[in-house]
Amino acid sequence: MPMLPDPSQKYKPYTPLNLKDRQWPSKTFTKAPIWLSTDLRDGNQALANPMTIEQKTTFFRQLIKSGVKEIEVSYPAASDTDFMFVRGLIENNEIPDDVWIQVLTPAREDLIKRTIDSVAGAKHAILHMYNATSPTFRNVVFRNSKEKTVELAVSHTKIVRKLTEECTAKTGTKFRYEYSPETFTQTEPDFALEVCEAVKAAWGKAGPEFENRIIFNLPSTVEIAPPNHYADQIEYFCTNISEREKVYVSLHPHNDRGTGIASAELGMLAGGDRVEGCLFGNGERTGNVDLVNLALNLYSQGISPGLDFSDLQSVIDVVTQCNDLPVHPRHPYAGELVFTAFSGSHQDAIKKGFEAQKIRHTEAAAKGEPQYWDIPYLPIDPADLGLTYEAVIRVNSQSGKGGIAYLIKQHLQLDMPRKMQISFYQVIQAISDREAREVTVDDITTAFRQTYHFGGPKYKGSADPNSGDEDERRRFDGTLNVDGVLRVIRGDGNGPLSALLDALRTHLHIDLSLREYTEHTLDAEQGQNSRAAAYIELVPAGDRKSTKSWWGVGSDSDISGAGLRAVLSAANNAIGDMELPELKLTVGFNAKSGQADISSVIVNSLGLELPRRFQAAFFEVVQRAARDAGGEISIGALTELFKKTYDYDVIKATSQFSVLTFTLEHVDATTRILTGEFFLFGVVRSVRGEGNGPLSSTLSAISAFVEGGLTLREYSEHSIGEGAEVVAASYVELLYEPVGEKKRSGWGVATDADITTSGIKAVICALGKLALIPKKVVNGN
């Protein structure tokens, strides 16, 4: 059915109040209200999938962390889940002493009793009872007269008083009372007053002290009029309720007309003392009023809201995780685009605003004056909310040179002159027009480097991650399991992810590009033990607008590790059953070959993941051998060269050094004694050595037969194989300093089912590379 040409035939306008001397329009904000979060009750009941106890507990902890002191935790009589959640908060001591939990009940004696039972033992509790009072509910839903409606509220208020007093006497729980004339805004103003006056009289304990004031919740259960009308209703109630000093007027706006924030703010000016709402406005239909929005509105006016959103993203993460609802990109303060400018004129104003403010703040600091925030288009400093300026300016076809120059200055610390800004702006505009998408910071900085050869052309050269040179290049160097075979790959890029993608492209012919990346923290409550999760979308290289893409996900204690795992996850999805290139049969020694290529062969042929210094030492051996063979060496010859050089998996008729037998005694926590028989310098020797571990004990035993000093320079280990077939591989580098000669070093490698034996064998293996000088034998010793 189409919209009516004359909606007055179907819908009635609201009836305005005739306030002759309304005061609220001339009032201003001076302090924050009392905040009550109803996320766990009103917000939860509006979810398609209500929160579990674990999710509600997580949410409750976030509310405590944000500084909320009054929290409506549930409707305990509605379900066992809600009841047990409240009991869990109390029994697990989750509720701080300065926090009041609130529970909701309708005006029914059995449900009131169940509700009070749920909070028994809590230090502070607010019992919130309601019944509907508007004509539609009286006449249609409940078929009650005004008199019966008042009697229902009064009689059950007396029940609440009796049962809460009994609970206090038994458990010590201190109660406050909140009454709600539900559908207040659709109730006749004088009747709403009549009901509340009768409830206050029946409660009989209202006083001016904080803990004794009765709370009247005046909800805009369904928003049916503009916010000024709600303010009129609140002012009328506040002006005419008796003993106003004994009453807290609580506002509970909903957002059916999209004016929930305005209703709450005008309602506070009209006399409201307290606001009930949800973080980011969750709730029935269009939601409850947004407490974050209200609090930050006050904050931006220089009024402390009494709530802490210094890490707003963590609040967003918890709320979205528990509610399973996203925060809209344009949501005030919290949306990912609210501090973002795409427009060129806006970007230019923001850039100039930051430059002028820096000067103004310097001058104010010198005078000891406040450093006021005043930036065009940014009513609040994102940094106050734990956000950065990274996304303040983003670039598309509508952007101008000022915004692009700002990004270059922020990310490369380069303040381009005006003409250069214009020139580079044309480069970025060409990219934006050609690709018809937002131009990312990486696009801009990469285009800048390419256009102006800043730090060298793209993909030329590499830098160690800790080198700190201006090109900010990164190298990925790692071992992957490819079709059941270990492969060492390496690549270069602007960061870890692009470096890995380059490695996949170079070594495995997997040619993909990153289109989207996002991340968040897992188990944030674990603190230093928390992990990061990363999500990656990859597309075919060179086709950023491709309709085909592959997603991946990874987690790790390190955010870079999470991203790398996510790339591999997506790459696996992309390649499917694609056949990957096999290892080449020869390894040439030219500008394209390096020690990583040699390491890849050793990993694949022997399963040994050589330490970096070991790789370098063996690389020198290979270079000498390849030089003698015309610059090339086969994979088979390379493997045999390794075995021969390090006596690995080689049976020799004679050997200068070997382990015959040994035992290792654990004397105490820091002392080990090794005894046994070693083959040293071609002779069987009984040995004994003491150290803090097996290797130091071995060196101590051997040193008795060697001239000069022996020390352990490096040791590493890993496992080879799986299940019952697993063995330990150990790598040892020894330093030998003969008397009167230069130091020399040698590597040893060994494997064994026992990791201690593997390490000792590696030490013995390294001895043969050091040209040791035996001690002279005197009188048989």
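Which residues does Leu-279 touch, not counting residues up to four places away in sequence? Leu-279 touches Asp-39, Phe-59, Leu-63, Asp-290, Leu-291, Val-292, Phe-309, Val-315 and Val-319, where contact means heavy atoms within 4.5 Å. The model is predicted: local features need pLDDT of at least 70 and side-chain atom pairs count only at pLDDT 80 or more, while totals for chains, interfaces and linings use all residues. Residues are numbered from 1 along each chain as its sequence is written, and side-chain values use heavy atoms, with hydrogens and water left out.

**Overall content and confidence**
- The protein chain has 22 helices and 21 strands, taken as DSSP runs numbered from the N terminus (helices H or I, at least four residues; strands E, at least two).
- Of its 781 residues, 47% count as buried (buried is under 20% relative accessible area, exposed over 50%, partly exposed in between; 1.4 Å probe, protein chains only).
- Among contacts in the protein chain with a separation of 6 or more, 62% join residues 24 or more positions apart.
- The average pLDDT (the predictor's confidence in each residue, from 0 to 100) is 86, and 90% of the residues score at least 70.
- Residues 456-470 have pLDDT below 50, and this stretch has 20 contacts in the model beyond near neighbours in sequence.
- Residues 583-592 also stay under 50, with 26 contacts beyond four places in sequence.

**Nonpolar cores**
- A nonpolar core is a set of buried Ala, Val, Leu, Ile, Met, Phe, Trp, Tyr and Cys residues joined through side-chain atoms within 4.5 Å.
- The largest has 106 residues, and Val-73, Phe-216, Leu-279 and Phe-280 have the most contacts inside it.
- Helix α7 (residues 189-203) gives the most to this core, with eight residues.
- A second, separate core of 26 residues includes Ile-489, Leu-508, Ile-536 and Ala-562.

**Buried strand residues**
- Arg-274 is in strand β8 (residues 274-277) and counts as buried because its relative accessibility is 0%.
- Beyond four places in sequence, the contacts of Arg-274 include Glu-70, Gln-102, Glu-178 and Ser-250.
- Leu-36 is another contact of Arg-274; the two are 238 residues apart in sequence and 7.3 Å apart in space, C-alpha to C-alpha.
- Thr-105, in strand β3 (residues 100-106), is buried with a relative accessible area of 0%.
- Thr-105 touches Leu-111, Ile-112, Thr-115, Leu-127, His-128, Met-129 and Tyr-130, leaving out residues up to four places away in sequence.

**Helix packing**
- Helices α16 (residues 496-508) and α17 (residues 559-575) pack at about 35 degrees with axes 9 Å apart; axes are lines fitted to C-alpha atoms over the stretch in contact, and angles run from 0 to 180 degrees between N-to-C directions.
- Pro-496, Leu-497, Leu-500, Leu-501 and Leu-504 in α16 meet Ser-560, Gly-563, Leu-564, Val-567, Leu-568 and Ala-571 in α17.
- The residues of this contact divide into nine nonpolar, two polar and no charged (Ala, Val, Leu, Ile, Met, Phe, Trp, Tyr, Cys and Pro count as nonpolar, Asp, Glu, Lys and Arg as charged, and the others, Gly among them, as polar).

**Positive phi**
- Most residues other than glycine have a negative phi.
- Asn-93, in the loop between α3 (80-91) and β3, has a positive phi of about 55 degrees and is exposed at 69% relative accessibility.
- Tyr-333 has phi near 70 degrees in the loop between α11 (312-323) and α12 (344-367), and is buried at 11%.
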